[in-house]
Structure formats: structure tokens, C-alpha cells
Amino acid sequence: MAPGYDFWFVFQQGQCLEAFRQAGARNVSYLPMAADPAVHGPVTLSEEERRLYGADVSFVGAGNANRRSLFPSLLRQPWSFKLWGNEWEGADDLQSVLQLNGARIDTATCMKVFSATSINLNLHSTTGGGLDPQADFVNPRTFELAACGAFQLVDHRSLLPEFFTPQEIVSFRSFDEVPGLAQRWLRDSAARQTTAS
């Protein structure tokens, strides 16, 4: 399909751009993801909404293979964990934390979860069972969480420093780091707010 369009805009660099060019794309450019500040931002929540949407740690997204493989380890932690999103059918070990029976949630609900959660886990999808071995692009959730002023733990991406400093976002290179990072940041709400702001 590459030669069939006048312009291509992709959210990866390097090999991705070259692959499009070799496949016959005439004009291919890097265009990173983003968030819309008119849509994505902090929301004021009632106490009931904080109870319903909040948790120590939450994840919003689809049940991709790596998430199904990694998230069960979070159930053994001393903090609350909520899982929001669809495509979790058959992930029986995660049913106890899956919210709304695995229904897809709209953007307004995402903003409530982001705002009510102490630590938003942002794990990019990949087809394998672990972290993305070619972790380059930054997903839209990274920008949406930042626009909400929500604290996040994100798997490290090679393009992440293009958008955020280590003082603005906390990343991890191994999923084994997540429990310790979560414990550390849950103990310091003031530091979480400073980092997320």
C-alpha cells in the first residue's frame, strides 16, 4: 500500500521510515502521538467517583499478550489494583480486578480513572510475553495521562526523552521494577503530585 498514498505519517522513526520508503512511499514523515487538552485534562471527582474509579494502581487498556502475562504478578502485592478496558476474555486470573466486566470505557471515564488513581500503569503493548524488545514509539496514553496531571509508571521507550524529562515521568526497563517503584511512590503523595504536575 505504501506507493498508493501521497503522504504517510507514522509514529516511529529509523527502520520504520526506511521500510516505508523502500516499499515505495514517496513522502513519509515522523509524527508523534499527542493528547488534546480540550479533551484530556484533570477532572474534579466526587467522593463516590474517587471510590469507584480510584485505586492505588490502575491500568486502562486492552488485554494484549504481554499484559496478560505480566499483570497477574501485581495481584500478589499489598496495594489495590484495578484493570479497565476490553479484550480480556479468557484472562481468568485477572477477573477479580477487571472492572465493568471488561467493557470498553469512553474517554470521559478514562479521565476519571486517571485522576482518581494514585499510580497509573502505562505498559505499551507488544505481541510477546514481556516488554517490547524494540521499545521506540510513545503511545497516546502517555500524553493523555500527563495532560490529566496523573502520575504514571511507563515502560521505557527510546523516544520518551524527546517528550519528557526524568523529573516529569517515571519509567522502568524491567517489569520486575514495578512493585518496588509502586511501593516507593505510593508512600510519597507529595512527590507523586510534583512529578505529575
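Which residues of α4 are buried? In this predicted model, where residues are numbered from 1 along each chain as its sequence is written, local features need pLDDT of at least 70, side-chain atom pairs count only at pLDDT 80 or more, and totals for chains, interfaces and linings use all residues. Side-chain values use heavy atoms, with hydrogens and water left out.

The buried residues of α4 (107-116) are Thr109, Cys110, Met111, Val113, Phe114 and Ala116, buried being under 20% relative accessible area with a 1.4 Å probe and protein chains only. Their cover includes α2 (47-53), β3 (57-60), β4 (81-84), β5 (119-122) and α5. Helices (H or I, at least four residues) and strands (E, at least two) are DSSP runs, numbered from the N terminus.

Turning to the whole chain, there are seven helices and seven strands, arranged along the sequence as β-α-β-α-β-α-β-α-β-α-β-β-α-α. The radius of gyration is 18 Å, close to the 16 Å that the globule rule gives for 197 residues, so the protein chain is as compact as a globular protein of that length. Here the radius is taken over C-alpha atoms, and the rule is 2.2 Å times the number of residues to the power 0.38. The C-alpha trace spans about 55 × 35 × 30 Å along its principal axes, and buried residues make up 45% of the 197 residues. Of the contacts (heavy atoms within 4.5 Å) between residues at least 6 apart in sequence, 57% join residues at least 24 apart.

A pocket is an open set of points on a 1 Å grid over the protein atoms alone, where a 1.4 Å probe fits, with protein on both sides within 12 Å along at least five of seven lines; lining residues have an atom within 4 Å of a point. A volume is the space filled by probe spheres set on the points, which are joined across faces, edges and corners.

The largest pocket holds about 550 Å³ of space. Its lining comprises 25 residues, with Val60, Gly61, Ala62, Arg104 and Arg141 nearest the centre. α4 gives the most to this lining, four residues, and α5 (140-147) supplies at least two.

The second largest pocket has a volume of about 290 Å³. Among its 15 lining residues, Ser115, Thr117, Gly149, Ala150 and Gln193 are the closest to its centre. Both α4 and α7 (189-196) supply at least two residues of that lining, and α7 provides the largest share, four residues.

Methods. Buried means under 20% relative accessible area, exposed over 50%, partly exposed in between (1.4 Å probe, protein chains only).
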